[in-house]
Amino acid sequence: QVQLVESGGGSVQAGGSLRLSCAASAHTYRNICVGWFRQVPGKEREGVAAIYSGGGAPFYADSVKDRFTISQDNAKNTVYLHMNSLKPADPALYYCAADPRWCGTRNQALGQYEYKYWGQGTQVTVSS
């Protein structure tokens, strides 16, 4: 069982930045793929970024590449999503997800159905 707790959401002006955090239960943070997803009402959940706990290149959706950065602090069992240059298209409920596997291909890393464990989500709003 992997427990995930997101934090860091809030309201920011367009062009601003936010950092989301995803804290995983300590004993489970090894050999897992952790992803960030977002969802707005009426739309399917979208994979934003993913990273493997053991290292390697992260994965990004085209819509956030060069603006968002995923990173991890293994000592704190925490994955971060650094969001810069936020746009009016970015507001959503952001979720952290984890699955005990290597992240695999980009489609596997950013596919919501590839993940077993989910956090409760943290809301991000962007004002113009």
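Which charged end sits over the ring of Tyr95? That would be Arg45, with its charged end 4.0 Å from the ring centre. Here, a charge sits over a ring if NZ of Lys or CZ of Arg is within 6 Å of the ring centre and within 35 degrees of the ring normal.

## Ground rules

This is a predicted model, where local features need pLDDT of at least 70, side-chain atom pairs count only at pLDDT 80 or more, and totals for chains, interfaces and linings use all residues. Residues are numbered from 1 along each chain as its sequence is written, and side-chain values use heavy atoms, with hydrogens and water left out.

## The aromatic cluster

Arg45 also has its charged end over the ring of Trp118, 4.5 Å from the centre. Tyr95 and Trp118 belong to one aromatic cluster along with Phe37 and Tyr115.

Four aromatic pairs turn up across the whole structure. (Rings of Phe, Tyr and Trp, the last by its six-membered ring, pair if their centres lie within 6.5 Å; planes under 30 degrees apart are stacked, over 60 edge-to-face, and the rest tilted.) One of them is Phe37 with Trp118, a tilted pair at 4.9 Å centre to centre and 55 degrees between the planes. This pair links distant parts of the chain, with Phe37 in strand β4 (residues 33-39) and Trp118 in strand β10 (residues 117-118), 81 residues apart. Strands (E, at least two residues) and helices (H or I, at least four) are DSSP runs numbered from the N terminus.

Phe37 is buried at 0% relative accessible area, while Trp118 is partly exposed at 25%. The cut-offs are under 20% for buried, over 50% for exposed and in between for partly exposed (1.4 Å probe, protein chains only). Trp118 also pairs with Tyr115: the centres are 6.3 Å apart and the planes at 65 degrees, so this one is edge-to-face. Tyr115 is buried, at 6%.

## Salt bridges

There are five salt bridges in the structure, each a side-chain nitrogen of Lys or Arg within 4 Å of a carboxyl oxygen of Asp or Glu. Asp90 and Arg38 make one of them, at 2.9 Å, N to O. Asp90 lies in the loop between β8 (78-83) and β9 (92-99), 52 residues from Arg38 in strand β4.

Arg106 and Asp62 meet at 3.2 Å, N to O. Arg106 is in helix α1 (residues 106-109) and Asp62 in the loop between β6 (59-60) and β7 (68-73). Arg106 is partly exposed at 36%, and Asp62 is exposed at 64%.
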